[in-house]
Structure formats: C-alpha cells, structure tokens
Protein chains: 2
Amino acid sequence: MIGKLIEGIKRTGAPIVVGLDPQMKFIPASVKKEAYDKYGETLEGAAESFFLFNKAIVDAVCDLVPAVKPQVAMYEALGIPGLQAFKRTVDYCHEKGLLVIGDVKRGDIGSTSLAYATAHLGSVEIGGKKVEPFGEDFATVNPYLGSDGVKPFVDVCRENNKGIFVLVKTSNPSSGEFQDREIDGKPLYELVGEKVREWGEDAMDESGYSEVGAVVGATYPEMGAKLRKVMPKSFILVPGYGAQGGTGKDLVPFFNEDGLGAIVNSSRGIIAAWQKERYASFGEAAFADASRQAVLDMKKDIGEALGK
Amino acid sequence: MIGKLIEGIKRTGAPIVVGLDPQMKFIPASVKKEAYDKYGETLEGAAESFFLFNKAIVDAVCDLVPAVKPQVAMYEALGIPGLQAFKRTVDYCHEKGLLVIGDVKRGDIGSTSLAYATAHLGSVEIGGKKVEPFGEDFATVNPYLGSDGVKPFVDVCRENNKGIFVLVKTSNPSSGEFQDREIDGKPLYELVGEKVREWGEDAMDESGYSEVGAVVGATYPEMGAKLRKVMPKSFILVPGYGAQGGTGKDLVPFFNEDGLGAIVNSSRGIIAAWQKERYASFGEAAFADASRQAVLDMKKDIGEALGK
C-alpha cells in the first residue's frame, strides 16, 4: 500500500494528508441545519453534519492530495452514529480515489491486536463472503506493548496489502515525558524507531519503502532528522504542521534525498480554514473553497521549503 | 467510581472482573444458530451471537462479581454491528447491577484524548439533553503520549465520577521491550507508575483510593510488588490470570494490607470454560453454568492465596 501512496504523492506533487477531524465548532451553521432538519438535534444529526462537512471538503480537495486521515476519536465521541459517519467517510474517500489513513492509535496484545488490525485493515469471513469492518488503507498503531502488539498488524498488512504508522515521537508538548527518556544513551523514541525499522523488514514493498511507517511530530525537527536516519525505509507521517506550530522549513529533515519518505498532515488548518482571518474572505458558505485554498498554500509552503 | 467498585468487591467477596472478550470460536453452535436465524450469516448475525453469549454468561455470574471488562477490539472487528453489540453489552451489564470497565486502551493528545474520554466515560450535550455515547464506568488508557494524553481522561473522570486504569506493565511476553528498559536506574514501567500516582492525586475518592488506577500483568508478580509500593492509592487491574499463566499465589503482591487495591481479570478462562477439560461435564448447552463454576473456582483460588 505504501507504493500506492507514493504514486499518489508523485501524481499530485503534494506529500500532504488532510486530517478529517470534525468538531461541531468547525461546522458551518448551514451544514448543521441541513443535518438536524433530517435527523433532529441528536447524535444521528450531529454525525450527519460530520459526514456532510467531510464530503464537501473531500469534493474540494480530492484532486490535490493523495490521502486523508480521519481521526476516529472525534467520531467515537458521537457513539454508534458517529462511527457510522466514520465508515461512510472512509467509503466516500475511496470513491473519490483517496487513500485513507485511519488515525486510530490502537494497540493491544496477541489476539486482541489481531482483532484491531482486522477491524481497520483486514476482513472477516462470514457467510462465505469477506467483509471489511472499516476498510482503511493504513492505520496508526501505539507501540507501548512491544512486538506482541505490533506484529499482528504487520501480518495483516502483508496479507491484505495495507500499511501502518507506529507512534514514535508524537507532536504534543508532553511527548517527552516518556519518549525522550534516555536508555543506554539513547532516547526511548530512538529505540522505538529501531523496532519500526526491524518490523518493517518483514513487510517491504516494491517501491523500496516498507509498509511499517512511523509518526514523528513536525514540532520536533531535530529528532525527525535523527529518526530519518534510523528508519531510512520507513515513511514518516508528520502531524503538528500549522495549528500545532510546525512550519514548512521544519519539515525538510523528515524527507529522504529522493524527495520522498514523509507525508505531512494538517487537520484544523485545512478543515477549519474558513474560521481563520487569512481565509475569512471566502465566507461561511464557501468553507470548502477555503479548505482548498489552505491546501494549495500548504503545498506551496512545503514545495518552497523542499526547493521544488 | 472506585468507591463503588470497592463496595462491589466487599459485597461479593470477589476481587474479580470477568472479561467479556467474545470470539466466534468460543460461542456454542446453538447460540450462533439462534443469531444467524434472525440476522443471517452476516456481521449483524455474528454480533447478535456475541450479545446472546455475553447475556447468558452475565445472567449466570452477575451475583458473584462486581464488574465485567468487555474488550472493545473483539467487537470492533465486527464493524458497526459489533460496536452496537458492545453498547448493548454495556447497557445490559448495568441493568444487572455490574460495573463496566471498557478495555479500550485509548490514548491521544489534547482535544483528541478528550474525545475518547467523552466517548467512553463522558456525555455529549445535544438538543438540550446529555447523551452518553458508550457509557462505561472505567476505561483503560495508554500512557505513551504522556500527560497531554492522560489528563483529559482524568478531567472527565472528575466531572462524571468515573475512573481509568493506565497501562503500566502489561501481561504479554514482549511487554519488556520498552516497559522494562532502565532510565536513570529505574525501569520505564516504574516511571509510568510514578506518573499514575501523580495523576491520581487530582482525583482522590472518599475511599482513600484514586480514580486513576493501573494495569499490571499477573505474569510479573515481582514487578507488581514494586509497583504496589510506588502507587499505594491506585487500584491495580490485573490481567493475565489463568489462560496467560498467572496463578492465585502470583496475585498476592498486587494487594494492599487492607485486602484491597487489586482486581483480577479472567476472560477466556471464564467465558470459554465449557471448552476446557475441567468443565467438560457441563456440556455445550450449559456453557454459562460452566462459566459460573469457573468464577467460583477462581474466587476460591484467590481467597486461599490471600488467606481468606
């Protein structure tokens, strides 16, 4: 699957993923009204507004980027109707030719990790048919439980041509509490990075990259530079650009010399662009056009930083 | 909420939680037939068989234990119908007077962790009403992202009288890959344990225990003894008893001198008891009675080990 992501990056010229992390406060009143008119002010109505909001943004940006990254927590907070909207979003993005990175940060052990991997990247055989429970193309995975937790995901990736991104160094201020602590002279995130490289050796793609990528925050460019060398064949999914403070030039160390090896996420900076001063002239009704412009601006910022 | 759990443990005399982690291979043919007759051999049918299986076991054990721990991964692997069965299980257990520990192992940062906490322990205000998306009483939380990831859960616990169990030392063989590595002379799990104590200081219950507990595997009793001292006011949720190899005497170090401070989970050993030689005489039709006997035997084993 990492090969397909690379194709998409080359086709669009944009190593960019749009984070579809809806919150009610980002959604224009007209979208909420349409959803509530249909389902009432209920979880179903709120979930419908998530889907309508996502759909408009996806329609506006699907020719510009290779992939989207819905954050499942936002949907889970609306219960079953929210998760139905998550699934509809995954399916709609596929219809529009986008790859989907499920930002699920799952991780458990043995048969339980296998169940999560099946849920998001695999299929269940039932009644003689194979059914994909959620059907994303990639998922994010938490490494705290060690190889027992990650390997079932790697197996499912190999069987189904899917990929994962393992949390290595996250973008948040307190990520250092555990991740930066030194063990035998190396920070924990580096040990996790070494494991990512090792896990990836069992899941190499023809592109020369492995199906086991890593999450490293844009807010830590020096650590990104280090980790780039530790895991040369892993793609790095880089959150933290824009709203969390990462800029175009911070991203350079995350890329390999082939110009590949990283894909940068922006969520709020794109989906809530219409609420920012910079894009205020679009107005609320044209919120999706504001998102499109924010993607174009991000593409330019990253392209300039990479000297393209 | 930890006070309610303590009440339940005292009432039943059983510091035991039954893990409701259904898998198709544990479910008797008659239960599957009933479910498939209603919904066909579909995800809906499989999810219905999970619920019917859980319901029979809950009916058979609800007077013996204070709590259950459904593992959401198993339900998530059946997609939306599976998660509907998870929610129905939570609601049914509440009807039967059981507390519910959602084994969700979620963890993210900031607004995203808040969304997970809302999903499982909080409520959404919509249309002038408060709706609980999943409505468990406790949830398990992954600490890899640090305080940014855990504190939103602690806030939601305080506002809603709920509790969490943070993964500290997990029961699996490779948990040591990261968790046992030494940092300034202490293993990582101990540093996480110290943070659990610190996070818990903001969420103390009248019982003297905090709403922030820890997960420590029965398979590591020496580490349990150490962690018991590091986090004296945190309840320890202990997986790994039975199927994973932990025995009654391994559990002693997890308890405080007041006889409290730990609650032991068994999943497969109870819900799939009917498939074990020891309980074969019950027969497939009486699978729930076999589960009841397995709980009684576990209670006896733990009671003897604790000298009760």
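## Strand β12 of chain B

In strand β12(B), B:I263 is the bridge partner of B:L237. The model is a predicted one. The pairing that holds this bridge is between strand β11 (residues 236-238) of chain B and β12(B), which run parallel over three bridges.

Five of the five residues of β12(B), residues 262-266, are buried, so the strand is largely enclosed by the rest of the structure.

## The barrel of chain A

Chain A contains a closed barrel of eight strands, in the order β1-β2-β3-β6-β7-β10-β11-β12, with parallel pairing. One of its pairings joins strand β7 (residues 163-169) of chain A to strand β10 (residues 212-216) of chain A in the parallel sense over five bridges. Within this pairing, A:K169 has A:V216 in β10(A) as its bridge partner.

Helix α1 (residues 2-12) of chain A lies across β2 (67-68), β3 (99-106), β6 (138-141), β7 and β12 (262-266) of chain A, and runs at about 75° to β12(A). What does A:L5 touch, leaving aside its neighbours within four places in sequence? The residues in contact with A:L5 are A:P66, A:A67, A:L99, A:F138, A:F165, A:F235 and A:I263.

Helix α3 of chain A covers residues 43-61, 19 residues in total, and reaches 27 Å from its first C-alpha to its last, close to the 27 Å expected at 1.5 Å a residue. Of the 19 residues of α3(A), 15 are buried, so this helix is largely enclosed by the rest of the structure.

## Nonpolar core

In soluble globular proteins, nonpolar side chains tend to be buried together. The largest nonpolar core of the model has 236 residues. Those with the most contacts inside this core are A:L5, A:I164 and A:F235, together with B:L5, B:I164 and B:F235. Of these, A:F235 is also one of the residues in contact with A:L5.

## Residues with positive phi

A:K105 is not a glycine, yet has a positive phi of about 40°. This residue lies in strand β3 of chain A. A:K105 has a relative accessible area of 9%, under the 20% limit, and is therefore buried.

B:D184 likewise has a positive phi, of about 50°, although it is not a glycine. Where B:D184 sits is the loop between β8 (182-183) and β9 (186-187) of chain B. Is B:D184 buried or exposed? With a relative accessible area of 68%, over the 50% limit, B:D184 is exposed.

## Relation of the two chains

Two copies of a chain are related by a rotation about an axis and a shift along it. The same surface serves both copies, since 100% of the contact residues of chain A recur in chain B.

Terms used
Residues are numbered from 1 along each chain as its sequence is written. Chains are lettered from A and ligands numbered from 1 in the order in which they are written. This is a predicted model: local features need pLDDT of at least 70, side-chain atom pairs count only at pLDDT 80 or more; totals for chains, interfaces and linings use all residues. Side-chain values use heavy atoms; hydrogens and water are left out. Buried means under 20% relative accessible area, exposed over 50%, partly exposed in between (1.4 Å probe, protein chains only). Helices (H or I, at least four residues) and strands (E, at least two) are DSSP runs, numbered from the N terminus. Two strands pair if DSSP finds at least two bridges between them. Contact means heavy atoms within 4.5 Å. The expected span of a helix is 1.5 Å times one less than its number of residues. Axes are lines fitted to C-alpha atoms, for helices over the stretch in contact, and angles run from 0 to 180 degrees between N-to-C directions. A nonpolar core is a set of buried Ala, Val, Leu, Ile, Met, Phe, Trp, Tyr and Cys residues joined through side-chain atoms within 4.5 Å.
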